[in-house]
Amino acid sequence: MAFGNVTWWVAAAALLSAGIYLAGGNGAAVSEGVAAWRWNLLLIAGVFTWLVITACVVISARWPWMNRLAGGLDMGYAVHKRLGVAALAAVLAPWAVVR
């Protein structure tokens, strides 16, 4: 089974980052106002970016098991590229919301 679909990778990273964020006990500050909302968005985006960049590094290592998981070397390159774009968007999103 190949997981070369970029949507799967991004959704998995988003769910994992939300889980890591909520497991840290930071979910209580959501209802404290706009500043807390921005701070929470920044933290979630940071965890998401960290997970996506980690996936990019693992994919770029070109291990045989990762190539099979990504659906081949060419699909691994495509996933790596699109995950990099998703990471850039996640880094810039909180700052765009604040401005």
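Analyst: Leu 16, Ile 20 and Trp 50 form a nonpolar patch on the surface, and together they have about 320 Å² of accessible area. Patches are made of residues with over 30% relative accessible area and no salt bridge, nonpolar side chains (Val, Leu, Ile, Met, Phe, Trp, Tyr) being joined within 5 Å and like charges within 9 Å; a salt bridge is a side-chain nitrogen of Lys or Arg within 4 Å of a carboxyl oxygen of Asp or Glu. Accessible areas come from the Shrake-Rupley method with a 1.4 Å probe, and for residues only the protein chains shown count as cover.

Trp 50 lies in helix 2 (residues 34-60) and counts as exposed because its relative accessibility is 52%, where exposed means over 50%, buried under 20% and partly exposed in between.

The model is predicted, with local features needing pLDDT of at least 70 and side-chain atom pairs counting only at pLDDT 80 or more, while totals for chains, interfaces and linings use all residues. Residues are numbered from 1 along each chain as its sequence is written, and side-chain values use heavy atoms, with hydrogens and water left out.

The pLDDT, the predictor's confidence in each residue from 0 to 100, averages 75 over the protein, and 79% of the residues score at least 70. Where pLDDT is low, the predicted coordinates should not be read in detail.

Notes:
Helices (H or I, at least four residues) and strands (E, at least two) are DSSP runs, numbered from the N terminus. Buried means under 20% relative accessible area, exposed over 50%, partly exposed in between (1.4 Å probe, protein chains only).
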